[in-house]
Amino acid sequence: SDEGLATLAMGMQSLQRLSVVACSMITEVGLIGLSEHCHDLRYLDVSFCYRITDRGFSALRVGCKSLEYLAMLGVNGISRPEMDRLRRAIKTIVLEETTED
């Protein structure tokens, strides 16, 4: 939940990797809390957290300047302009699954 994510962020401010895949109770509120406390975050997977919107991704982009990897499979609540801003700010963004033969 957003509350759980905020508690985690406040208690682990040096957090560098986090995966919250398919956490349906996480919204932009949770990402805002994460961005306010976890400035060293480098890897984040929010795939299938379908309630996150531009506001959360914007906060993440501004507050987590060290973020190098963002997985967001199945996340549809983001606009094209915000996606463009994320692409400029984050080295690797995963939007779909890849398979190796």
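## Glycine 77 and its loop

Glycine 77 sits in the loop that links β3 (69–71) to α4 (80–89). The model is predicted. Glycine 77 has a relative accessibility of 31%, so it counts as partly exposed. That value falls between the cut-offs of 20% for buried and 50% for exposed.

Which residues does glycine 77 touch, leaving aside its neighbours within four places in sequence? They are Ile52, Thr53 and Asp54. Arginine 51 is 26 residues away from glycine 77 along the chain, yet the two C-alpha atoms are separated by 6.9 Å.

## Threonine 27

Threonine 27 also lies in a loop, the one between β1 and α2. Its relative accessible area is 9%, so threonine 27 is buried. Leaving aside neighbours within four places in sequence, threonine 27 contacts Asp2, Arg51 and Ile52. Ile52 is also one of the contacts of glycine 77.

## The sheet

Four strands form an open sheet in the order β1-β2-β3-β4, and their pairing is parallel. The edges are β1 (17–19) and β4 (92–94). Each has a single partner strand, so one side of each has no neighbour in the sheet. From one strand to the next, the twist averages 5°.

Strands of a sheet pair through backbone hydrogen bonds, either parallel or antiparallel. Here, β2 (residues 43–45) runs parallel to β3, and 3 bridges join them.

## Helices α1 and α2

Two packed helices are described by the angle between their axes and the distance between the axes. For α1 (residues 2–11) and α2 (residues 28–37), the angle is about 5° and the axes are 8 Å apart. That angle makes α1 roughly parallel to α2, since angles under 35 degrees count as such.

Which residues make the contact? From α1 come Asp2, Leu5, Ala9 and Met10. From α2 come Val29, Gly30, Leu31, Gly33, Leu34 and His37. By class, the contact residues are 6 nonpolar, 3 polar and 1 charged.

## Helix α3

Helix α3 spans residues 54–63. Its buried residues are Gly56, Phe57, Ala59, Leu60, Arg61 and Gly63. What covers them includes α2, β2, β3 and α4. An α-helix has 3.6 residues a turn, so residues three or four places apart point the same way.

Asp54 belongs to the α3 range. Asp54 is in contact with glycine 77, and with glutamate 82.

## Glutamate 82

Glutamate 82 is part of helix α4. Is glutamate 82 buried or exposed? At 2% relative accessibility, glutamate 82 counts as buried; the cut-off is under 20%.

What polar contacts does the side chain of glutamate 82 make? One goes to the side chain of arginine 85, at 3.0 Å. Another goes to the side chain of arginine 61, at 2.9 Å. Arginine 61 is itself among the buried residues of α3.

Leaving aside neighbours within four places in sequence, glutamate 82 contacts Asp54, Phe57, Ser58 and Arg61. Phe57 is another buried residue of α3. Serine 58 lies 24 residues from glutamate 82 along the chain, with the C-alpha atoms separated by 7.0 Å.

Definitions and conventions. Residues are numbered from 1 along each chain as its sequence is written. This is a predicted model: local features need pLDDT of at least 70, side-chain atom pairs count only at pLDDT 80 or more; totals for chains, interfaces and linings use all residues. Side-chain values use heavy atoms; hydrogens and water are left out. Axes are lines fitted to C-alpha atoms, for helices over the stretch in contact, and angles run from 0 to 180 degrees between N-to-C directions. Helices (H or I, at least four residues) and strands (E, at least two) are DSSP runs, numbered from the N terminus. Angles under 35 degrees count as roughly parallel, over 145 as roughly antiparallel, 65 to 115 as roughly perpendicular and the rest as oblique. Contact means heavy atoms within 4.5 Å. Ala, Val, Leu, Ile, Met, Phe, Trp, Tyr, Cys and Pro count as nonpolar, Asp, Glu, Lys and Arg as charged, and the others, Gly among them, as polar. Buried means under 20% relative accessible area, exposed over 50%, partly exposed in between (1.4 Å probe, protein chains only). A polar contact is a pair of N or O atoms within 3.5 Å; within protein, one must be able to donate a hydrogen and the other to accept it, and residues adjacent in sequence count only if both atoms are side-chain atoms. Two strands pair if DSSP finds at least two bridges between them.
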